[in-house]
Amino acid sequence: MKKIELKLRKSLRFLFGCFSFTAIAFIFQACYGPGPDCSYSIKLTGRVTSKSTNAPIQGIKVRVAQDRAYGITDENGNFDFYASIAECRYYRYGDDCEFEDTAKLNTLTYDEALIYFRDIDGAANGHFADTAIIVKPARKNELRINIELVEKQ
């Protein structure tokens, strides 16, 4: 009889301990929140044109360096897509960055994004130099970027 009572007491103690830990974790999260969210979504829109002719450029890949999302310009040079913008310094940038100018990633401060423009359609409408710009969207819902690219010689 004592063995059964001892097992029952141990089982109840274990269940009470688990319940107590869960309750403390729930109260802690209710008081302090789930932790910081290091990024937010934004809609990037814009137009890419040639600096020399001011004509729209089709086939330019527009990508935020900290995100895998990208857009490609249409026949009018327009693009639009949603991307995540990091706003924490401890946000880890991906190692899958396909661009050579990754040193600019280390210079970013809070709420800045590095946006790349790369000509991916070859010689269909001219060769344009890859360009990278830093923008500060300031938690807007949408950011419009108009840029002129320089033709390669």
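Trainee: Which residue in E7 does Leu44 stand opposite?
Mentor: Keep in mind that we're looking at a predicted model. Follow the pairing across to E7, and opposite Leu44 you land on Leu143.

Trainee: How many bridges join E1 to E7, and do they run parallel or antiparallel?
Mentor: E1 covers residues 39-50, while E7 takes in residues 142-149. The two are joined by eight bridges, and the sense is parallel.

Trainee: And what about E4, how many bridges pair it with E1?
Mentor: E4 spans residues 78-86, and here the sense is antiparallel. One place to look is Ser41, whose bridge partner in E4 is Ser84. Over the whole pairing of E1 with E4, the count is nine bridges.

Trainee: How many of the 12 residues in E1 are buried?
Mentor: For the chain, buried residues make up 34% of the 153 residues. Strand E1 is mostly covered, with a buried count of nine.

Trainee: Does Lys61 count as buried or exposed?
Mentor: Lys61 sits in strand E2, residues 60-64. The cut-off for buried is under 20% relative accessible area. Lys61 comes in at 13% relative accessibility, so it counts as buried.

Trainee: What distance separates the C-alpha atoms of Lys61 and Phe79?
Mentor: Along the chain these two are 18 residues apart. Between their C-alpha atoms, the separation is 8.9 Å.

Note on methods. Residues are numbered from 1 along each chain as its sequence is written. This is a predicted model: local features need pLDDT of at least 70, side-chain atom pairs count only at pLDDT 80 or more; totals for chains, interfaces and linings use all residues. Side-chain values use heavy atoms; hydrogens and water are left out. Helices (H or I, at least four residues) and strands (E, at least two) are DSSP runs, numbered from the N terminus. Buried means under 20% relative accessible area, exposed over 50%, partly exposed in between (1.4 Å probe, protein chains only). Two strands pair if DSSP finds at least two bridges between them.
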